[in-house]
Each structure stands twice: as structure tokens, then as C-alpha cells.
Amino acid sequence: MQSLRYGDVWLRWLSALTLFAAWQAAAGLAASPLLPGPAAVAAALMKLIATGRLPIDLAITLLRVVASFALAMAAGSAIGILMGRGRRVDAFFDLWLVLGLNIPALVIIYLCYLWGGLTELSAIIAVALNKVPNTATILREGARAVDRELMQVADVLRLSWGRRMRQVYLPQLYPYFTAATRSGVSLIWKIVLVAEFVGRSNGVGFQLSVYFQFFDITNILAYTASFVAVVLAVESWAMRPLERRLTRWRG
């Protein structure tokens with residue numbers, strides 16, 4: 001098992017090196033400012049970090065991501081579990097869910113800004129609303145898949161409501177929570193940037209809009225690289241350990 005894990009690590013490093021090699025080769029063939037190489041992007045990234053601009057923008061964006069993610073997961077999980085447990089609730093809200101899944105994210109962002117103004121709260125609500133239907137859909141399927149026989153065993157053993165939720169019900173939903181979390185993180189990163197691009201005056205998305213106007217691809221890629229690094233760090237140091245911890249009961 002340990003050797004397999006080391007093998008996966010080496011494959012990931014090999015994949016990253018292959019990607020960088022392909023990028024460098026493409027930049028060399030293009031020989032154009034429209035496709036800067038890894039060295040030029042790395043130099044721009046170091047310069048942005050040294051000036052302090054990038055860390056501030058990145059921190060602002062991360063705060064928006066965290067706030068939007070927490071709101072979307074709380075609301076989406078509650079809605080999804082209620083729909084999965086109640087047939088009538090599911091029938092009533094199913095149309096709402098379909099609409100939420102299919103309305104373009106940009107439309108929701110525009111509407112939130114028009115109704116609530118170009119404020120921080122409007123941006124967070126807009127991003128959260130784009131994620132709620134996705135979370136609700138995943139948790140609805142999880143609630144439907146709960147083993148009823150296990151719940152009946154809990155009733156026979158007369159477990160308290162708290163123990164039944166902690167030891168019987170919620171563990172069956174953990175894989176769905178982790179799936180919703182992983183998809184939510186990847187989705188919210190992108191939508192936050194769009195919300196910043198459209199209606200905020202700071203953050204990574206706003207800076208990308210500024211560099212876009214000046215056709216500054218090097219700094220666009222530098223900001224993108226910083227964002228990707230944070231996403232990979234969250235995935236490696238938070239998401240995967242959390243998933244292993246929540247699903248270890250499955251053996």
C-alpha cells in the first residue's frame with residue numbers, strides 16, 4: 001500500500017514536469033509575448049509577491065471563497081437532505097433545482113449586483129447561489145441512498161437522536177459531503193473570479209480584468225499560477241486528508 005502511494009506521488013510529479021516541458025516547448029515555438037514561458041511567468045510572480053500586491057488580492061479572494069463556500073454548503077446540504085428524505089418536498093422543489101442548475105452563473109451575478117448593488121454581500125450571495133443547486137443535488141442523492149435497515153436497527157437499539165445522527169445517518173452521507181465539497185471548491189474558485197471581474201474593485205478577478213485590458217498575458221498567467229497553487233494546496237493538504245478521515249469507517 002505504501003509503495004502504491006509513493007508510486008502515485010512520482011506519477012503526479014512526472015505529470016507536472018511533462019506539463020511544464022510542454023508549456024516551455026510551446027512558448028519556444030511561438031516566440032511571442034502572447035505565450036510567455038514558465039521562467040517569465042515565474043519572474044513576474046516573484047515581482048508581484050515582492051510588491052505585496054498579489055498576496056493582498058489573493059487574501060481578499062480567498063475570504064470571498066470561504067464565505068461563499070460556507071453559505072452554499074450550509075444551505076445546499078439542508079435543502080438536499082430535506083428533498084432526499086421527503087417525496088413531496090422533492091416534488092415541490094425539483095423545478096427550482098433544475099432552474100438553479102441551468103441558469104448561467106453570469107446571469108445570477110448580474111441580477112445580484114443589479115438588485116443589491118455592487119457590494120461585498122451581493123458578490124458573496126451571487127457566488128453562493130450558483131453553488132447551492134449543485135450541493136443540493138448531490139446531498140439529495142445521498143439522502144435517498146441512506147440504508148433504511150440501518151436506521152431501523154438504530155430504532156430497535158433505541159439510540160438517542162444525537163447518536164443516531166452521528167453514528168448511523170451522517171456517516172452514510174460523508175462520501176456525498178466530500179463530493180459536494182470537492183466540486184464546490186472547484187466551482188466557487190471560478191465563479192468568485194467572474195464576480196470580481198464584473199463588479200469588484202479588488203481581488204484576483206479584478207486584477208485579471210485590469211491586465212486583460214493591457215493585454216498583459218504574463219501577469220495574467222502569474223496571477224493564475226498563484227491561484228492554481230492555492231487550489232492544489234487545498235486539495236492536497238485539506239480535501240484528501242478530510243476525505244480519508246471521513247470515509248475510514250468504511251474499512
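Mentor: The crossing of H4 and H6 is left-handed. This is a predicted model, and the part to look at is helix H6, which spans 120-144. The axes of H4 and H6 approach within 9 Å and cross at roughly 140°. H4 and H6 are therefore oblique to each other. On the H4 side, the contact is made by Asp90, Asp94, Leu97, Gly100 and Leu101. H6 brings Pro133, Asn134, Ala136, Thr137, Arg140 and Arg144 to that contact. Sorted by class, the contact of H4 with H6 holds 4 nonpolar, 3 polar and 4 charged residues.

H6 also packs against H3, the helix at 53-85. Here the axes come within 6 Å and cross at roughly 35°. The crossing of H3 and H6 is right-handed, whereas that of H4 and H6 is left-handed. The residues of the contact of H3 with H6 divide into 15 nonpolar, 6 polar and 6 charged.

H3, H4 and H6 each supply at least two residues of the pocket lining, and so does helix H5 (105-116). By class, that lining has 19 nonpolar residues, 1 polar residue and no charged residues. The contact of H4 with H6, by comparison, includes 4 charged residues.

Searching the whole structure finds 1 cavity of 30 Å³ or more, and the volume of the largest cavity is about 30 Å³. Arg64, Ser68, Ala123, Ile124, Val127, Val192 and Ala195 line this cavity. The elements giving two or more residues to its lining are H3, H6 and helix H8, which spans 161-199. H6 provides the largest share of that lining, with 3 residues. By class, the cavity lining has 5 nonpolar, 1 polar and 1 charged residues.

To put the part together: H6 meets H4 in a left-handed crossing and H3 in a right-handed one.

Key
Residues numbered from 1 in each chain as written. Predicted model: local features only at pLDDT ≥ 70, side-chain atom pairs only at ≥ 80, totals over all residues. Heavy atoms only, no water. Helix = DSSP H or I, 4+ residues; strand = E, 2+ residues; numbered from the N terminus. Nonpolar A, V, L, I, M, F, W, Y, C, P; charged D, E, K, R; others polar. Axes fitted to C-alpha atoms, helices over the stretch in contact; angles between N-to-C directions. Parallel < 35°, antiparallel > 145°, perpendicular 65-115°, else oblique. Left-handed = near helix turned anticlockwise from the far one by under 90°. Contact = heavy atoms within 4.5 Å. 1 Å grid on protein atoms, 1.4 Å probe; cavity = no way out; pocket = protein on both sides within 12 Å on 5 of 7 lines; lining within 4 Å. Points joined across faces, edges and corners; volume = space filled by probe spheres on them.
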